[in-house]
Amino acid sequence: MCSQISLLLFLAFIICVSSGPEENEGVKYANKCEVCKILATELENRLEETGKTNEVLEIGYSVDDVKPKKKSHYRKSELRLLESLDGICNKILDYNIHKERTDSTRFAKGMSQTFKTLHGLVNKGVKVELGIPHELWDKPSVEITDLKSQCEKVLEEYEEDIEHWYFHHQGIVSLKQYLCADKFLKDSHSECLKDELQGNKKGEMEILQKVGKDEL
């Protein structure tokens, strides 16, 4: 009986924190700020990875050995940008929706505390019904697939702006500021750009830990 009550309280908590325009369907899609923020974050992370090399590229060709090929540092090359952009929106499929959070950090990599707890309950023999098969719990949600689609549209529309930032503003101003705040969101709310993951947020872990203890 105790486990059933705890589970009901837990699921009620999920419903409360995920309320929004699509609350009747249990879905809250990413807004413009969240889409741009995640795109900018992923691209800057990718550029940080690819920028660690001191490789020098030889550009062009010659028909003899007299005229040398041009040399260019990979870190400043167009090739690095193209390789970093390739499949960047596919990385969003590594994200999950964390419905126990209410700000933009609800989109984050790793399993959410919600599903960690639900998986734990299932492993303890508690029957959990979410309306979807258990084997689909860890598949990308409709919010994530929609976020990926929105990312691809932003990337297509603002490719020239990203290229301009890469060659002229990288290291001076963040991509979140240049692309999101100053261009994509210039006439919209940009508060989410300030959201940072604070670990276990107040209230979130208290409820989750209570459920876990009651199930022991």
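Predicted model: local features only at pLDDT ≥ 70, side-chain atom pairs only at ≥ 80, totals over all residues.

Reply:
**Cysteine pairs, up close**

Let's start with C36, which counts as buried because its relative accessible area is 0%. Buried means under 20% relative accessible area, exposed means over 50%, and partly exposed is in between, with a 1.4 Å probe and protein chains only.

Residues are numbered from 1 along each chain as its sequence is written, and side-chain values use heavy atoms, with hydrogens and water left out.

Now, what does C36 do here? C36 is joined to C180 by a disulfide, with 2.1 Å from S to S. C36 sits in helix α2 and C180 in helix α7, so this pair ties together parts that are 144 residues apart in sequence. (Helices are DSSP runs of H or I with at least four residues, strands are runs of E with at least two, and both are numbered from the N terminus.) In general, a disulfide is a covalent bond between the sulfur atoms of two cysteines; here the cut-off is a pair of cysteine sulfur atoms within 2.5 Å. The link of C36 and C180 is left-handed, with -95 degrees about the S-S bond.

The structure has 3 disulfides, so let's meet the others. Another one connects C33 and C192, also 2.1 Å from S to S. C33 belongs to helix α2 (residues 32-50), while C192 is in the loop between α7 (175-184) and α8 (204-215), so here the parts tied together are 159 residues apart in sequence. The torsion about the S-S bond of C33 and C192 is about -100 degrees, so this disulfide is left-handed. Both C33 and C192 are buried.

Then there is the pair C89 and C151, whose sulfur atoms are 2.0 Å apart. C89 is found in the loop between α3 (78-85) and β3 (95-97), and C151 in helix α5, so this link ties together parts 62 residues apart in sequence. The bond is left-handed, at -75 degrees about S-S. C89 counts as buried because its relative accessibility is 4%, and C151 is buried as well, at 1%.

How do the bonded cysteines pair up? Number them in sequence order along the protein chain and you get 1-6, 2-5, 3-4.

For some background, the protein chain has 8 helices and 4 strands. Along the sequence, the pattern reads α-α-β-β-α-β-β-α-α-α-α-α. Of the chain's 216 residues, 38% count as buried.

One last stop on helix α5: this helix also holds E157. Is E157 buried or exposed? E157 counts as exposed, because its relative accessibility is 57%. So helix α5 carries both C151 and E157.
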